[in-house]
Amino acid sequence: MAVLRKTSISLLPRVSLAAPVALLLLLSSALTASAQPWRKPSANGQAGATRAAVTIHKLAERLLYAGTGKLAPLRRGAGAAAAEISHSAESADSIGVAKNAASAESADPLAWPSDLPRDATPQATRGIDSPRANHHNTAAAGGGLATGARRRMPRNPAVRRIWAEKWRKEGAGQQQGEVSKQQANERNRTRSAAAAAAAEAELKRVVVRKAAVGFPGINQKTLVTSGSPPKYNRSMIRVTPPDVVMCVGNGFILHTVNSAMVVYNTKGRQLTAITPHHEFFNALPYMTWKGSIEASIRGDSIGDMTCVYDRRAKRFYLATYWTSGGSKNAYDRFGQTRRRGGGETVGSGLLVAASTTSNPTQPWNLFFIPASNDGKNSNADFRPPLNLPTQGLVTFMDYPQTGADAYGFYVSANHFSYEDSGYFGVSIYAISKVQLSRPRSTFILRIAIPTNSDPTTPDYTVWPQKVAADSAYDTSNGGTMYFGYNEDATGTSDFSPVTGFTYIGAFLITGTGYLGTKRALSLVQTYYAAVSSSGFYTPGLLVQKWGPVPLAWVYGTTIKPIDPSTTDVRGVVVDAVKKQMWMTFTTGATLDLLPFVVVARLRMTLVPQRKWQPLRVVLERFKWVGVKGNGLIQPSVALNRHGKGIIATSLAGPSYYPSAAYATLNADAVVGDVVVAGAGAAALDDYSGYMGFGAAVRYGDYMTAAIDEEGNAWGAVQYVPGRPRSYWSNWATYIFKVVL
């Protein structure tokens, strides 16, 4: 099995990697990392420093070797299907936006898609991946069917046109009604701040331009039909939102969504079959079938996968959450599952994988990190008297995000209660790249940040840095890793539309060259600082452009608005030379709370020897970017070493079907026009808006921007091309390259 060369990873200083378990456990219970003194930001909100309000714990955690995994090869006959999926002429050619839109408008408005069964009736399903309403993968609907009878389609063309116009108006009215209802509770209290934001916002024009390379990725239909028979074929169904992820390096693109992955080359050629995460990790399939009838819906739950290509190690790394769905699964041997009342088996953890070569189509090392608090691992050590897990309470990790620095691979995740969705705090798992190159179990460092009411604390969705493949890591202070976060002014994670969230911060880990050694617990240090900024708010529901929504009609309803309400950080890029951190997220910056993109740049100064304010951050750039009357959703930022980059995002609203878009960005925070790379051709018609989840369809939860070794930018974004689609949804992803 291939291992990393010594020249790929060097530790500072060179010490033994062998870590006695007893010593680590002793240190884990004895040592904690306390933050440093802090003063409030200045009146203009431009400077901040660390404070000592919360104790940050450093703990030894188990990293358990779980074997090897590999993406499924392309099967015979899959080439033609792949060509249809990845190189559809109309979908891949963004210049065809007018043609696509025109054909969608002129088609029979009530025509039932040929690839959907006419006699199918949606079945009520049970279970959800995560109890967290705003951050779960809706892999199976809860709450039963929406009220309303299934509608029969009239055969007379004239009547069909009349019905279509009636439903268009009905849909517009319902969308606007939901939007108005939400805004009525917010607008009066946010008017002054939103008006100030609107005055400063930059409204960009929209242009259509063909990308240097552009092709559709995974869509809901290809996800449904993925998996190797007989165990995993058609095991993924009703999965939304896609959570679009991509990492690029060594001529490969690793693309993943909820809950499958595929590898392309940088010319768009598909190299592997679309492989369910369950198959890759040898877990229980999420769904099993008996003939054409759904026999079981509850297997293991795996989702929110994110990945990193590390140019220094020349390896791909990824992580995803796992919760058990049965008593016989690949991770029972770790003692992770147990019985609750009623005989239900529960358990949770993180699944981590590292490629054994620079080619992601080759075998990977698989690892498992326990997360459920069953008394057999250290996740009980968030520590009282805080309102955190106690023995016997099962916890799970949600929304894992990944990053890397010169020496380590990092996974941050939010901790929730499996029983009541209570929130406990953030865990950051710091793993030496050397540890991931070896097929053995070991101990790693976990940094636990308990939830609290301090609005400057990084206790929710701490986003790791994404260093461009053509840029350098920060090796100062024995190796430095950066994270970004934002917080509500009330100190909660709700991002209240009343108060807005007004703190942006940086979280640093130093001494990362000691990861994997017995000195890691004592020499790895943490620092955080936050700065206040202008108030910004949860965006409102986004009205969609009218288009046929056959699944909505089956449920006796009509087109629904898009919910873009997730507002925490969606991308962090660090320039190690200039000590600058870039971040993006979505906010409601105008009077109608349309989703705009926020671009922020922080400058960080760390002097570890200074006891007073060792870390200071300054907010150097802060701006809103949007499109008049429409929305930009779930942005992600990437810049190369020359300070040139893109913001990858989705463009949607009354004037545009959900489309894959980007805007160029330079080192002075000058943002270019919004460029449509992958044009949408239909409204989002997704079951999440019809099956008891609320008044809108789910979207996101995140997109991806990345930089390759040549300094070119890549984006992976959700859009709606119209075809192909599954019965349950028509979301799809689009991958594109921008030469900077």
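Tyr662, Tyr719, Tyr734 and Phe736 are linked into a cluster by ring pairs, where rings of Phe, Tyr and Trp (its six-membered ring) pair if their centres lie within 6.5 Å. The structure is a predicted model, in which local features need pLDDT of at least 70 and side-chain atom pairs count only at pLDDT 80 or more, while totals for chains, interfaces and linings use all residues. Residues are numbered from 1 along each chain as its sequence is written, and side-chain values use heavy atoms, with hydrogens and water left out.

A search of the whole structure finds 20 aromatic pairs. Tyr727 and Trp728 form an edge-to-face pair, at 5.1 Å centre to centre and 75° between the planes; planes under 30 degrees apart count as stacked, over 60 as edge-to-face and the rest as tilted. Both Tyr727 and Trp728 are buried (under 20% relative accessible area, with exposed over 50% and partly exposed in between; 1.4 Å probe, protein chains only). The charged end of Lys545 sits over the ring of Tyr657, 4.7 Å from its centre; the criterion is NZ of Lys or CZ of Arg within 6 Å of the ring centre and within 35 degrees of the ring normal.

An open sheet of four strands has the order 7-8-9-10, with antiparallel pairing; two strands pair if DSSP finds at least two bridges between them. Strand 7 (245-249) and strand 10 (275-276) stand at the edges with a single partner strand each, so one side of each is left without a neighbour in the sheet. Strand 9 (residues 260-265) is joined to strand 10 by two bridges, and Ala260 has Pro276 as its bridge partner in strand 10.

The mean pLDDT of the protein chain (the predictor's confidence in each residue, from 0 to 100) is 74, and 64% of its residues reach 70 or more. Over residues 78-155, pLDDT stays under 50. Where pLDDT is low, the predicted coordinates should not be read in detail.

Definitions and conventions: Contact = heavy atoms within 4.5 Å.
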